[in-house]
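I opened my notebook beside the model today and looked up strands, turns and charged pairs. Here are my entries, in the order I made them.

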Amino acid sequence: MALGIAHAQSLAFKSIELLNKDKNWVLASKISLELNPTLEQFVKKGLTLYFVADFQLSKSRWYWFDEKIVEHSRVMKITYHALTNQYRVTLDGLSVVAPSLKDALTVVGTIEDWPVIEQAQVVDGQVYQAALRIRLDTNQFAKPLQVNALNSKSLNMQSDWRRFEFVPKKVAP
């Protein structure tokens with residue numbers, strides 16, 4: 001009798017908000033990330049995991065497809081250094097050292113002050129649809145693992161798009 005192995009991995013959004021800051025709308029989000037045992041082993045053996053956060057802003061149109069206003073992506077990577085037994089999270093050229101994989105995943109899942117919309121790109125009072133997702137970028141794996149990732153649920157990790165309504169309002173100076 002064959003038994004299936006349950007692979008515990010999850011991406012769950014805890015909070016998402018757009019804040020008006022310095023003539024931009026910045027994204028702040030908390031995402032709970034958990035890796036399955038396969039991905040944990042890959043990291044421990046030296047494989048770098050690349051996570052990509054994708055943000056989109058669009059406006060509905062009755063006569064055509066929705067108009068895409070903004071599309072941004074942000075890459076975060078986790079590496080393990082066996083010599084120091086520490087994890088390193090890199091984002092936009094800056095690195096943070098984490099003592100455990102759980103701490104490294106917390107850093108990746110915390111998005112703060114990410115400028116995604118310029119104030120000139122949106123009209124006050126207009127209703128927009130914003131969307132955010134996070135995914136493991138398997139295209140960054142070595143070629144043999146990329147082939148395995150096509151057929152393996154344990155190597156594919158991606159959240160659904162989290163959609164929410166955004167109505168910009170002017171903030172008094």
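**Entry 1: strand pairing.** In which sense do strand S3 and S8 pair, and over how many bridges? I found that S3 (residues 49-59) and S8 pair in the antiparallel sense over eight bridges. Before going on, I noted that this is a predicted model, in which local features need pLDDT of at least 70, side-chain atom pairs count only at pLDDT 80 or more, and totals for chains, interfaces and linings use all residues. I also noted that residues are numbered from 1 along each chain as its sequence is written, and that side-chain values use heavy atoms, with hydrogens and water left out.

For my own reference, strands are DSSP runs (E, at least two residues), numbered from the N terminus, and two of them pair if DSSP finds at least two bridges between them.

**Entry 2: around S8.** I picked out Leu57, which stands opposite Ala130 in S8. S8 also pairs with strand S9 (residues 162-166), again in the antiparallel sense, over five bridges. There, Ala131 has Arg163 in S9 as its bridge partner.

Then I checked how covered S8 is. Seven of the nine residues of S8 (residues 128-136) are buried, where buried means under 20% relative accessible area, exposed over 50%, and partly exposed in between (1.4 Å probe, protein chains only).

**Entry 3: S4, S5 and S6.** I followed strand S4 (residues 67-81) to strand S5 (residues 86-91); six bridges join them, and they run antiparallel. Thr79 stands opposite Arg88 in S5. Arg88 also has a bridge partner in S6, namely Val97. S5 and strand S6 (residues 94-98) run antiparallel and are joined by five bridges.

I looked at both turns. The hairpin of S4 and S5 has four residues between the strands, and Asn85 takes a positive phi near 55° there. In the hairpin of S5 and S6, with two residues between the strands, Asp92 takes a positive phi near 50°.

**Entry 4: salt bridges.** How many salt bridges does the structure hold? I counted four, taking a salt bridge as a side-chain nitrogen of Lys or Arg within 4 Å of a carboxyl oxygen of Asp or Glu.

I started with Lys21 and Asp113, whose side chains meet in a salt bridge (3.0 Å, N to O). Lys21 lies in strand S1 (residues 10-21) and Asp113 in strand S7 (residues 110-118), so this pair ties together parts that are 92 residues apart in sequence. Lys21 counts as partly exposed at 36% relative accessibility, and Asp113 counts as partly exposed at 45%.

Asp54 lies in strand S3 and Arg133 in strand S8, so the pair ties together parts that are 79 residues apart in sequence. Are these two partners buried or exposed? Asp54 counts as buried at 6% relative accessibility, and Arg133 counts as buried at 18%.

Glu67 and Lys59 meet through their side chains in a salt bridge (3.7 Å, N to O). Glu67 is partly exposed at 29% relative accessibility, and Lys59 is partly exposed with a relative accessible area of 23%. I also noted that salt bridges that share partners join Asp54, Arg133 and Arg135 into one network.
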